[in-house]
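Subject: Structure handover

Hello,

Here is the structure for you to look at. My notes follow below it.

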Amino acid sequence: MKEDIRKIIRQRKVLFDGGMGSMLIAAGLGEREIPEQWNFLHPEKVIDIHIAYLAAGADVIQTNSFGATSIKLSASEAGKALDPAEVNEKAAGLAFEALERAKAPDRYVAGDIGPTGEFFAPVGRLTEKRAREAFREQAEALERGGVDLFLIETMYDLREAVEALRAVKEVSKKPVAVEMTFDSKPKGYFTLMGDTPEKAAEILSAEGADLLGANCTLSSDRIIQLAPRFRGLTDMPLLFQPNAGSPAFTHGKAVYRQSPEEFARDIEKLLEAGIDAVGGCCGTTPDFTRELRKLIDGYQQQADDRES
Amino acid sequence: MKKHLEECAQSVLDGDQDKAEELAELTLKDSLPVLEVIEHGFVSGIREVGRLWEDGVLFLPELVMGAEAMKKAMEILQPALEASSEKQEKAGHVIIGTIEGDIHDIGKTLVATMLSANGFEITDLGADVPVADFVDEAEKKNADCIAISALLTTTMPGQKKVIDELENRSIRKKVRVLVGGAPCDEDWAEQIGADGYAGDAVAAVALVKRLLKKG
């Protein structure tokens, strides 16, 4: 029986995996394909990516289901052909298959939930009811797939994050992590909708999230300043997953400029600021995870030495 | 008059569509100078919205509502303007779309809305637009500018293909090309020979204005 991740995270730093989309692109994801399609077309490749992250030392891997709400799927031709429930259950199945093959049954599978891609009024026509139903359908399927925790991520609208969180809590008692995506503006950190870290921490903790955090949009060097600020807002465990630096183009292919070592140096500052769990987002690979593993192990060793 | 201009600007700043409509109608009823009301009233409001968005004071909902209020006022004032001898300086015609293989259209639509609110004529081709369509449309409309959005590192090369196609048809010099989207930056724009990069809708408006002034 696995220990509850909520307990683990109070004892030591936890490592989440890195980018899935950029890995799938490197593995040959076509221009008109969507990542979730590969759960059926190329399940072996999805499993291989999970295994690579596990081998690199990730404690938690994220299911390939970021865009697997009915709303998001129906926005693309490829997605329309997929059944949302099947996509999510399959995504969880592939992650557990990877755990088994990597002989790492004690690691964790996080059921990944991303935004619907639609906006609430006045920007768009999304309603709370429709968002909740879509998230509930996704969460139910991930729960059936047996995920150990849920990870609601890259949320640019607190209202939508709350709908996703409520939907998960309606169908599961598992821990839920919620990451908002903030941009750095002259007056501070804000989501696209203008939500601040303060407001996010207040509302998401009141709504019963177990982990809070920030991911995507900002690269590791630009997210550092957010860490102490977020840490000052709450005693809850915090999770940060920044992007690798912006991509450059060589021979028509996207290459991320930042090295895993540079990334890890920034992440060290997050750990020092009291962030409890870290990982990567867009552009990060198992090489980044490997560097973070080294970093965390070294960090933990120092902490243990200090205590003894 | 000064008060009227301020109210017009404020209605856009507040994103108050009803108020913007009411003020536009009042402009016609009282036979106020339409062009001046547009330029020093509503447009100055939308500029302020843009400035506050860049500073991180206003956010997406306010930006969209401001642009909508602006649009409502323009729907009323535009016909009157065209009928009168007053001529608004033609801002230019922009062809805009998200490149083929890419269905992300939020950013692109915002840029189109803001350009339109700033008086540009817009042809929005939508998302997943083939390379040739950008160029065909630019030729057909005799456009001043093509704005190409790409949100994926896999679709970004399509932006270069549009530029190549303009070269092929020997019309590259006739039209300015700007690129945008999360993975793009100034280096990328330079690398593919685009005329500029904009990071958000407000920057895009400023960039198009600057490019068309130079051209």
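Chain A has 14 helices and 12 strands. Helices (H or I, at least four residues) and strands (E, at least two) are DSSP runs, numbered from the N terminus. This is a predicted model, in which local features need pLDDT of at least 70, side-chain atom pairs count only at pLDDT 80 or more, and totals for chains, interfaces and linings use all residues. Residues are numbered from 1 along each chain as its sequence is written, while chains are lettered from A and ligands numbered from 1 in the order in which they are written.

Chain A overall

The C-alpha atoms of chain A fill a box of roughly 55 × 45 × 40 Å along the principal axes. Of the 308 residues of chain A, 56% count as buried. Buried means that 20 or more other C-beta atoms lie within 10 Å of the residue's own; exposed means 12 or fewer, and partly exposed is in between, with C-beta atoms placed from the backbone. In chain A, 79% of the contacts with a separation of 6 or more join residues 24 or more positions apart. A contact needs C-beta atoms, placed from the backbone, within 7 Å.

Confidence

The complex has an ipTM of 0.76 and a pTM of 0.84 from the predictor. Chain B averages a pLDDT of 89, and 97% of its residues score at least 70. pLDDT is the predictor's confidence in each residue, from 0 to 100. In chain B, β3(B) has the highest confidence, at 97, and α5(B) the lowest, at a mean of 82. Where pLDDT is low, the predicted coordinates should not be read in detail.

Where the chains touch

Chain A gives 21 residues to the contact and chain B gives 19 residues. On the chain A side, β7 (188-190) and β10 (247-250) each supply at least two residues. β10(A) gives the most, with 3 residues. The chain A side divides into 12 nonpolar, 5 polar and 4 charged residues. Here Ala, Val, Leu, Ile, Met, Phe, Trp, Tyr, Cys and Pro count as nonpolar, Asp, Glu, Lys and Arg as charged, and the others, Gly among them, as polar.

The sheet in chain B

Chain B has an open sheet of 5 strands, in the order β2-β1-β3-β4-β5, with parallel pairing. Strands pair if DSSP finds at least two bridges between them. β2 (121-124) and β5 (196-197) of chain B are the edge strands, each pairing on one side only. 5 bridges join β1(B) to β3(B), and B:T98 has B:S149 as its bridge partner in β3(B). Another 5 bridges join β3(B) (residues 145-149) to β4(B) (residues 176-180). There B:C145 partners B:R176, and B:A147 stands opposite B:L178.

β3(B) is mostly covered: 5 of its 5 residues are buried. B:C145, B:A147 and B:S149 are on one side, B:I146 and B:I148 on the other.

Helix α5 (residues 106-117) of chain B lies across β1, β2, β3 and β4 of chain B, at about 165° to β1(B). Helix α6 (residues 131-141) of chain B touches β1, β2 and β3 of chain B, also at about 165° to β1(B). Axes are lines fitted to C-alpha atoms, for helices over the stretch in contact, and angles run from 0 to 180 degrees between N-to-C directions.

One loop residue

B:D185 is in the loop between β4 and α8 (186-192) of chain B. B:D185 counts as partly exposed because it has 17 C-beta neighbours inside 10 Å.

Best wishes

Conventions. Contact = placed C-beta atoms within 7 Å.
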